[in-house]
Structure formats: structure tokens, C-alpha cells
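Have the sequence and the 3D view open while you read.

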12 protein chains.
Amino acid sequence: MPYGKGRTYKKVEVIGVSSAGIEEAIQQAVTKAQKSLEKLSWFEVEEVRGHIGDDGKVSEYQVIIKVAFELK
Amino acid sequence: MPYGKGRTYKKVEVIGVSSAGIEEAIQQAVTKAQKSLEKLSWFEVEEVRGHIGDDGKVSEYQVIIKVAFELK
Amino acid sequence: MPYGKGRTYKKVEVIGVSSAGIEEAIQQAVTKAQKSLEKLSWFEVEEVRGHIGDDGKVSEYQVIIKVAFELK
Amino acid sequence: MPYGKGRTYKKVEVIGVSSAGIEEAIQQAVTKAQKSLEKLSWFEVEEVRGHIGDDGKVSEYQVIIKVAFELK
Amino acid sequence: MPYGKGRTYKKVEVIGVSSAGIEEAIQQAVTKAQKSLEKLSWFEVEEVRGHIGDDGKVSEYQVIIKVAFELK
Amino acid sequence: MPYGKGRTYKKVEVIGVSSAGIEEAIQQAVTKAQKSLEKLSWFEVEEVRGHIGDDGKVSEYQVIIKVAFELK
Amino acid sequence: MPYGKGRTYKKVEVIGVSSAGIEEAIQQAVTKAQKSLEKLSWFEVEEVRGHIGDDGKVSEYQVIIKVAFELK
Amino acid sequence: MPYGKGRTYKKVEVIGVSSAGIEEAIQQAVTKAQKSLEKLSWFEVEEVRGHIGDDGKVSEYQVIIKVAFELK
Amino acid sequence: MPYGKGRTYKKVEVIGVSSAGIEEAIQQAVTKAQKSLEKLSWFEVEEVRGHIGDDGKVSEYQVIIKVAFELK
Amino acid sequence: MPYGKGRTYKKVEVIGVSSAGIEEAIQQAVTKAQKSLEKLSWFEVEEVRGHIGDDGKVSEYQVIIKVAFELK
Amino acid sequence: MPYGKGRTYKKVEVIGVSSAGIEEAIQQAVTKAQKSLEKLSWFEVEEVRGHIGDDGKVSEYQVIIKVAFELK
Amino acid sequence: MPYGKGRTYKKVEVIGVSSAGIEEAIQQAVTKAQKSLEKLSWFEVEEVRGHIGDDGKVSEYQVIIKVAFELK
């Protein structure tokens, strides 16, 4: 991206969920968001949460991210 | 919702306005957002503001919320 | 806008980029957002960043704003 | 209010107290502030707190708001 | 409470849930917390969230509060 | 101002509005605040917002600042 | 103060300066604010800063506090 | 959990420590907290820190989380 | 404490009150918390407030801290 | 900059001062920081403040920014 | 480190980049910072961001941390 | 310092440790920072923490401050 030229980006907030880990939950959100939005450029992690199962194990990670993409 | 399965949610920021009270303004925003978005799952209150009329009465409550829904 | 009547607004986060200055980057984002969204009512500046060129000059301002518009 | 004309507003922080509820505490603060300040235009809720009586009931709501009015 | 004397308070974070409204969710949390803790003195609202039912109605309010009580 | 001597300042929150730009809105607020308050010493920008006209142009900048002045 | 009765408080932001220490700067601000405002009820520390002299010693503490008083 | 029924949750802040990674530190905190508290429902990450050994390697991750559980 | 070994800490929020000063209010909270909790490791100051007497003197400092201790 | 390759950046906080405007104060800080640091990549605005002269005019803008540069 | 003895630490903000994951990006920043600074003691994660490639995969994690070291 | 002239300041984050009190920990950090940096102008307190000894006494105060100095 050449700097100094007028461009516009939009940021959208999505939540990815995965039992595998934090990086997997991020990728999960990016993959799904990519389907309905234009090509994504970057993400920012807003919050990391998760669910705890009856056995006391973390059963899933819920990662709230913002994804940004260029408005053509 | 079964935990541990990959899911993705999206959050959208809306503002509901009502003269009746804070809960009514929240419901107002949820009802209108439901029309153009998919089925909503939950909301989070971001900010509560309002307008004051010439008679010194709160004439409306403006509640900024985030609503979340699952991306299918 | 008559106060006290139920209305709903939506806020969307966009990033304007301009080499001319902060106000120009805001206008850049508003102009582009206006094309795909309904008539915009107001904006709020979230963050001001920028790129620095090899010559040590600020080569562009990147202004992250939220724009709001009424949901009809 | 016609947009684009120079205007100035001032914001003042007040705390309303009421045993009836959050909306009543807001109105309580607005009514009292109106007496010593010029005509108020809007409010923003900063914080909601309250006192708990010996019987375990919320005996009063304390709502900290900012009220704004135009400086003529 | 006479000011100027050494006292110690403890704050605990609880979440009250009610379908009736925000004030009811606060009271719900206070009532339940009162059972296992000592006499409560005050509360502070941290966050207001809620669930949205299939019919698009707010089906419950979830209010996160901190409650404080004196350590004897 | 000689350091180390007891002094007291007060901060007041004002909002300046101008269609010309952010610096003009700051000066607008300072000029008006100066009329009713004592000589001002400094300002701090709290928030930058604005209105968007029907033609998609930023029709005014609204800058919320705190101004400080010495209490004699 | 009997709980449950409608009351209104106002908060004002002042800065106390003292070379003696943080507590002295707080008292300095409270004493001066008391002169022009009604009887003060409580204070909240917002920020602690200070000036460093040529000899590398802290030459004064600047404590920004909010003071609250009841609006009669 | 059926929505709309009165429930109360409590949140407790714990810090898990592990040399293996962030997810392991979270699980470490959850496992230990589970022993003294009731069945946990979810967690929220507050802060991620860590210690750096003499060899310049991250020797442990310290993750501050809040865990929530229902008050029966 | 040897780094790299699994450990868990818990943080609890307490408020110390003292008329003598900020450090004394911190110590007051630590001393009382120590009685009912396990051996404390560290504290973090969250907020400093206080009461102002009829004579315009700070009659007590209220310091909200978090104290942390190891869960054995 | 090719994505995916290990790189490290450092951020430094500087304050630029200019009587001309906010953009000029940013450039002022960047120019001076460039002299003692390596080639700068980007900046982020942290805070905008300023001094008010005896004539009630903003006599200078003080802009606190973070500048980032790659550690080679 | 024996507690109670005068010591001074400095904190520096660095950004590590790695395609492998969050922990690898942290270690990357620590390793590079260690070369130019004195022996590091601990780190604190400030922000987690990343780049998304054309194939919709997270192509790198960018982790902003603060590292602290003792000033001898 | 004459206002209105271009100047640049840098802020650095340091942590002072002292068993005597908060003011002493601030001075400790300033004195040590002064040795390696240019003449310091002011400080801002970011955070106050401390260690608790086996006897339940605060054994040291750890004060994180930012110190600022002019870049010549």
C-alpha cells in the first residue's frame, strides 16, 4: 500500500470460538468474516474469554477481535 | 449452544431512543436491529445519555448498546 | 430531529487516510462511508495515527472515527 | 440548533439520589441543577451506585451524570 | 459511621439476573450476596448486559455490580 | 509561576463548535470560557466529534476540552 | 445523611500544589475550594504529578482531585 | 441455563502461572480455583505478564483472569 | 519464589480508612485483610478518596487496594 | 515490509510543541525524535493539550505522541 | 531481590512480530530488546494485533509489550 | 520556558522503590533517572503498588512514574 494516498478502511467486531487455543479462535473468526466481507487486512484483539466445562477444563476460548478491510 | 464447537459472532453498535426509560430504549434498539440483522443473541450497554426539554424534564433516553448475533 | 420519539441509530467504525491533515482524513472517511451507508448524522474521533516517510516527514494521517446514521 | 455556527457548551458533574430508581435519580439531578445553571441541553451517565439498607434492600440509587448547557 | 476512625471494607463482584429490569437485577444480586457475606453497605454498577430471546425481546438483564461490606 | 509555592487550579469542561476546523473549535471554547471565568492557563482536549451535513460534508467540529485557571 | 431521601451533589475538579507531599497538596486544594464553594463532603484523587527542580529534587506535588458538595 | 430466571454469579480474580504458555497458565488458574470455589462457568483474561530469565528466555507466563461461578 | 513453577494467586479488593495519611490507610487495609486471608504477597492501589470534615480538613483517607496471596 | 518475518519495533513517547497547530506540533516532535533515534515508521497521538496566553489566545499546542521505529 | 531496598526499574515498549504465534512474538521482542538493553526482568502484554494474508490466514502476530529492567 | 516556541520533550517510564513511603519512592526514581537522562522537568504517577512482608507490614512501595525532559 503506497503511503500518502487517500484510502478508507472499515473495522468490524467479530468473536471467534475454538476449543484448541487463542490463535485458533482468532483464525476461526478471520476465516468466517472473510466470507461475507471484502479481503481483510489486519486484526486487533479486544478481549479473551472462555467457557469452563464440568470437568474444570477450559472447553473453549472466545476471542473478540476487530478486523479491518479497505473500502474500495 | 453446545460449547467447544467453532462458532463466530459479530457485534454491531446501535443506539436506541425512548422517552419512557432506559429499558425501553434498549428494547427499541434491539427491535429495530433485529429487522436488518440476523437473530440477535445478546446486548451490552456502552453508554447512557439523554436530552433535557425546555421544561427541565428528561425528554428522551439515548442508550448506546452493542448487539451480537451468530454468523452462520 | 424531534426529541422524545423512538429512533434508532447505528455506528460504524471507519479509518480515513490523507496526507493533507487530520480534518482532511476525517472528511475522506465520511465521504467514502456515505457511499455505502445511509445518510450520516455525526462522527466521533477514536484515534489519530500516521505514517512517517523516509525523509522524516509525516506522509499521511490515519484517523479512526465512528460514524452514525439513522436506521429507518 | 443550526449546525455550523459557533457555539459553546459547558458540562457540569452532578449526582442525583433517589430511592425510586435510576431514571428518578437522573431526573432529580437535572431538576436541581436546572435551578442554578442555565437551561440544560443533555446529560451523560457517568456512574451508577447505591446504598444498601439494614434489611438488604437497595435504599437509594446514586447516579453521577454530566449535564451540558449552552454558554450564551 | 463516624469518620476518621480506622475501618476496612471489602468489595466483591457479583452478577444479578432478572427479566424485570435493571433495578430488579441489582436487587437480585444484593439479596443473594447478603446471604453468604456480612451486611452489605453499598454497590457500584460495573456493566449492564442482557440476553435477547427468539422473539426479539430482551429476555433478561444481567447486571455486574461490586458490593462492599465492612470487615469487622 | 514559581514552583514549590502553594497554588490551586480549577478545571472546567467546555465544548467549542466551529465549522472551520479543530483548532478553531478549541479557540472558540477558550474565548467564550474566558469571558465568565478568570484568566485561563491551559487546556486539554477530551474528545473530538462533529456533525455531517446532508451533502456529506463535515459541517462542524465539536471539541470537548478542559480549561484550567488559577483560583486566587 | 439519612439514606433514601432525594439529594443532589455537585463535583468540581481542582488541583492542589504543595512542596510538602501528596496529602498536603490535597489539603491545599480542599482549603482553597472551600472558600468559594459550599461545604465540601468528599474528594477523589484523579491524578498525581509534580515538578522536578534543577537539583533533581521533586520541588512540588500537583494533585488533581474532584471535590463534591451538596446542592441545597 | 434457561434465560429469564433469577440467577446470581460471583466473579473472583486469580492469577495462573505456567512456563508452558498462556493457555496453560489460564488452565492452571482454573484448576486451582475450582478446588476451593464452586463449579466455575467462565473466565475473562484481565492481563498477561511474565518473567524473563537470566538467559533472556520467557521463563513463565502470569495470566490474571476473572473466573465466574453461580451462587446457589 | 522460584520462577517457572506452576503457582496460583488470588486478588481481593479491600478499602482501608485512616485519618493519618495514604500509607497508613494502605497498612490498615493490609493488616485487617491478613487476619482472614492467607499470607499476603503484594498490593496495588486502585483509588484514593477521602472525607472532608465540617472544618474543611481532610478527616480521613479511603484507599481502595487489591491484595494478592498465593493459593496453596 | 514483508509480512510474516520476525521483526521488532520500539515505541518512544515524545511531546511536540508548536504555536501553528496540531499537525505542526506532531511534525515538530517527529523531526526532533528522528535526530537521536533510528528511522521512524509511524506515530500515534496520545494527548492534545495547549497553553493559553494572557490575551485569551491559544499560544501553543502540545501534542504527546508515540513514535515507533524498527530495531535492527 | 531483597524487598525494602531502594531500587529503580525502567520500562520500555517494544513490538515483537512472529508468524508462529503470540508466545513466539513475545519471545522475539524480548530477545531483540535484550541485545541493546540491560538484563530484562519481566514483560507486560499491552496489545495483540496481526496481519491477514491474501489467503485469509493470519500471516503474523504483532504483540506490543513493555519490558522492564533494573537501572544499576 | 517561553510559550509558543517549538520545543520537544521525551517521556520515560521508571519505577522507584522505597520502604519509607510513596513520596520517597518517587524521589528515588527521579534521582536514579536523572543520572542517565538529561535534566528532568516533571513526573506523572502511573501506578502505586507494594510488597507485603511476612509480618503483614508493607515492606516497600513501588511507584511507577513517567518522567519528562526536554530534547535539546
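Two residues or chains are in contact, or touch, when heavy atoms lie within 4.5 Å. By that rule chain B and chain J do not touch, and their nearest C-alpha atoms are 22 Å apart. Chain B does not touch chain K either, with 15 Å between their nearest C-alpha atoms.

This is a predicted model, where local features need pLDDT of at least 70, side-chain atom pairs count only at pLDDT 80 or more, and totals for chains, interfaces and linings use all residues. Residues are numbered from 1 along each chain as its sequence is written, chains are lettered from A in the order in which they are written, and side-chain values use heavy atoms, leaving out hydrogens and water.

**The strands of chain K**
- Strands (E, at least two residues) and helices (H or I, at least four) are DSSP runs, numbered from the N terminus.
- Two strands count as paired if DSSP finds at least two bridges between them.
- S1 (residues 7–18) of chain K runs antiparallel to S3(K), and 10 bridges join them; one of the links is K:Glu13 with K:Lys66 in S3(K).
- S2 (residues 40–52) of chain K also pairs with S3(K) in the antiparallel sense, over 11 bridges, and here K:His51 has K:Glu60 as its partner.
- The hairpin of S2(K) and S3(K) has 5 residues between the strands, and K:Gly56 takes a positive phi near 80° there.
- Buried means under 20% relative accessible area, exposed means over 50%, and partly exposed is in between (1.4 Å probe, protein chains only).

- K:Leu37 sits in the loop between helix H1 (22–36) and S2 of chain K.
- Not counting residues up to four places away in sequence, K:Leu37 touches K:Val12, K:Val67 and K:Phe69.
- K:Leu37 and K:Val67 are 30 residues apart along the chain, yet their C-alpha atoms are separated by 9.8 Å.
- B:Ser41 belongs to strand S2 (residues 40–52) of chain B, and it counts as buried because its relative accessibility is 16%.
- Beyond residues up to four places away in sequence, the contacts of B:Ser41 include B:Tyr9 and B:Phe69, along with E:Gly50, E:His51 and E:Ile52.

**A helix in chain H**
- Helix H1 (residues 22–36) of chain H has 15 residues and should span 21 Å at 1.5 Å a residue, which agrees with the 22 Å between its end C-alpha atoms.
- The expected span is 1.5 Å times one less than the number of residues.
- Among the buried residues of H1(H) are H:Ile22, H:Ala25, H:Ile26 and H:Ala29.
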